[in-house]
Amino acid sequence: MTKAVFYHAGCSVCVSAEQQLLGLLSPNVQVDVVHLGEKPARIAEAEKAGVQSVPALVVDGQVLHINYGAALVDLKA
């Protein structure tokens with residue numbers, strides 16, 4: 001089973017991407033949805049994975065930046 005992490009900040013762009021994109025993924029993809037506004041301790045994890053902005057989907061070490069909701073650095077403030 002493929003594992004993925006969807007990072008977002010809860011903004012309208014992020015919520016829309018989550019609703020549209022995650023419904024397109026195969027049921028064989030296990031997705032961990034991480035709201036960085038609610039779990040700021042995971043920002044470092046997202047940075048280490050290469051996430052620069054949210055919403056972003058990380059699959060097999062590859063970061064897919066989707067649209068633009070917020071820069072990851074802005075979530076640290």
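1. In which sense do strands β1 and β3 pair, and over how many bridges? Strand β1 (residues 2-8) and strand β3 (residues 53-59) run antiparallel, with four bridges between them. F6, for one, has L57 in β3 as its bridge partner. Pairing here takes at least two DSSP bridges between two strands; strands are DSSP E runs of at least two residues and helices H or I runs of at least four, numbered from the N terminus.

2. A word on the basis: this is a predicted model, with local features needing pLDDT of at least 70 and side-chain atom pairs pLDDT 80 or more, while totals for chains, interfaces and linings use all residues. Numbering starts from 1 along each chain as its sequence is written, and side-chain values use heavy atoms, leaving out hydrogens and water.

3. Now the sheet. It is open, four-stranded and mixed in pairing, in the order β2-β1-β3-β4. β2 (29-35) and β4 (62-71) are the edges, each pairing on one side only.

4. Helix α1 (residues 12-22) packs on that sheet and touches β1, β2, β3 and β4 (contact: heavy atoms within 4.5 Å).

5. Setting aside residues up to four places away in sequence, V51 touches Y7, A46, A56, V58, V63, H65 and L72.

Notes. Axes are lines fitted to C-alpha atoms, for helices over the stretch in contact, and angles run from 0 to 180 degrees between N-to-C directions.
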